[in-house]
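Walk me through this structure, please. Start with the overall fold, then go on to helix packing, charged side chains and backbone details.

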Amino acid sequence: MTFINNKLLELTQRDARYAYEAYEFMFQALEHTQKMLGRELDPTADPNEAKHHVSGRQLLEGARDFALQEFGLMARVVFRLWGIQRTDDFGEIIFNLIDAELMSRTDEDTREDFRGVFDLDEALVWIREAQSAKKGLSVGLVGNAAEVLPLMVERGIIPDVVTDQ
């Protein structure tokens, strides 16, 4: 028997951009992220305590990890079926849940925390695939080189050429 959360159902009727399953997934992704970070809830704990909080970026990284675990290479397809095209959509889902009082936030949490987070990561996936296949690849990434280059180096990618366009 499938349990339907009436508050989630109402939410999807108010904002039809995202499937019911996308909202359910975010609860599971939050729990997965908290486990990854050692911030699991015990049954007697107050879920609003700061020690259980995760940032937007942390939640996105946990959601990505959980999606790959659950859906493998089909994760992007599943997300698209649910109406999720980019990381900004996860922010919209989370803030819909907050507005419906199904999740909480701190004063520092904003929708901006979810904007364009994985653009660099997508480029890095392409780079890693090309490296594995020993193929040359030119990747254009819009960003400030002073910000992007250290992030690339941190992830073990040393570009042959960086240009300023």
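The protein chain has 7 helices and 0 strands. Its pattern along the sequence is α-α-α-α-α-α-α. The model is a predicted one. Of the 165 residues in the chain, 35% count as buried. Contacts across the sequence are also worth a look. Among those between residues at least 6 apart in sequence, 60% join residues at least 24 apart.

Helix packing comes next. Start with helix 2, residues 20–36, and helix 3, residues 56–71. Their axes lie 8 Å apart, and the packing angle is about 105 degrees. Angles of 65 to 115 degrees count as roughly perpendicular, so helix 2 and helix 3 are roughly perpendicular to each other. On the helix 2 side, the contact is made by Phe 25, Met 26, Gln 28, Ala 29, Leu 30, His 32, Thr 33 and Met 36. Helix 3 contributes Gln 58, Leu 59, Gly 62, Ala 63, Asp 65, Phe 66, Ala 67, Gln 69 and Phe 71.

Helix 2 also meets helix 5. Here the axes come within 10 Å and cross at roughly 85 degrees. Helix 2 and helix 5 are therefore roughly perpendicular to each other. Ala 22, Tyr 23, Phe 25, Met 26 and Phe 27 make the contact from helix 2. Their partners in helix 5 are Phe 90, Ile 93, Ile 94, Asn 96 and Leu 97. Phe 25 and Met 26 are listed in the contact with helix 3 and again in the contact with helix 5.

Now turn to charge. Side chains of opposite charge can pair when their charged atoms come close. The structure holds 9 salt bridges. Some of them join up: Arg 86, Asp 88, Asp 89, Glu 112 and Arg 115 are linked in a network of salt bridges.

Arg 86 forms a salt bridge with Asp 88, with the closest N and O atoms 3.9 Å apart. Arg 86 also meets the side chain of Asp 89 in a salt bridge, at 3.9 Å from N to O. How exposed are these residues? Asp 89 is buried, at a relative accessible area of 7%. Asp 88 is buried as well, at 13%. Arg 86 counts as partly exposed, with 48% relative accessibility.

The side chains of Arg 115 and Asp 88 meet in a salt bridge at 3.6 Å, N to O. Arg 115 lies in the loop between helix 5 (87–99) and helix 6 (119–133), while Asp 88 lies in helix 5. The pair therefore ties together parts that are 27 residues apart in sequence. Arg 115 counts as partly exposed, at 34% relative accessibility.

Asp 109 sits in the loop between helix 5 and helix 6. Asp 109 has polar partners instead. Its side chain makes a polar contact with the side chain of His 53, at 2.7 Å. The side chain of Asp 109 also reaches the backbone nitrogen of Thr 106, at 2.8 Å. Leaving out residues up to four places away in sequence, Asp 109 touches His 53 and Phe 95.

Two backbone details close the tour. Glu 101 has a phi near 60 degrees, a positive value in a residue other than glycine. Glu 101 is found in the loop between helix 5 and helix 6. With 68% relative accessibility, Glu 101 counts as exposed. Lys 134 has a phi near 55 degrees, again positive in a residue other than glycine. Lys 134 belongs to the loop between helix 6 and helix 7 (145–154). Lys 134 counts as exposed too, at 76% relative accessibility.

Methods
Residues are numbered from 1 along each chain as its sequence is written. This is a predicted model: local features need pLDDT of at least 70, side-chain atom pairs count only at pLDDT 80 or more; totals for chains, interfaces and linings use all residues. Side-chain values use heavy atoms; hydrogens and water are left out. A salt bridge is a side-chain nitrogen of Lys or Arg within 4 Å of a carboxyl oxygen of Asp or Glu. Buried means under 20% relative accessible area, exposed over 50%, partly exposed in between (1.4 Å probe, protein chains only). Helices (H or I, at least four residues) and strands (E, at least two) are DSSP runs, numbered from the N terminus. A polar contact is a pair of N or O atoms within 3.5 Å; within protein, one must be able to donate a hydrogen and the other to accept it, and residues adjacent in sequence count only if both atoms are side-chain atoms. Contact means heavy atoms within 4.5 Å. Axes are lines fitted to C-alpha atoms, for helices over the stretch in contact, and angles run from 0 to 180 degrees between N-to-C directions. Angles under 35 degrees count as roughly parallel, over 145 as roughly antiparallel, 65 to 115 as roughly perpendicular and the rest as oblique.
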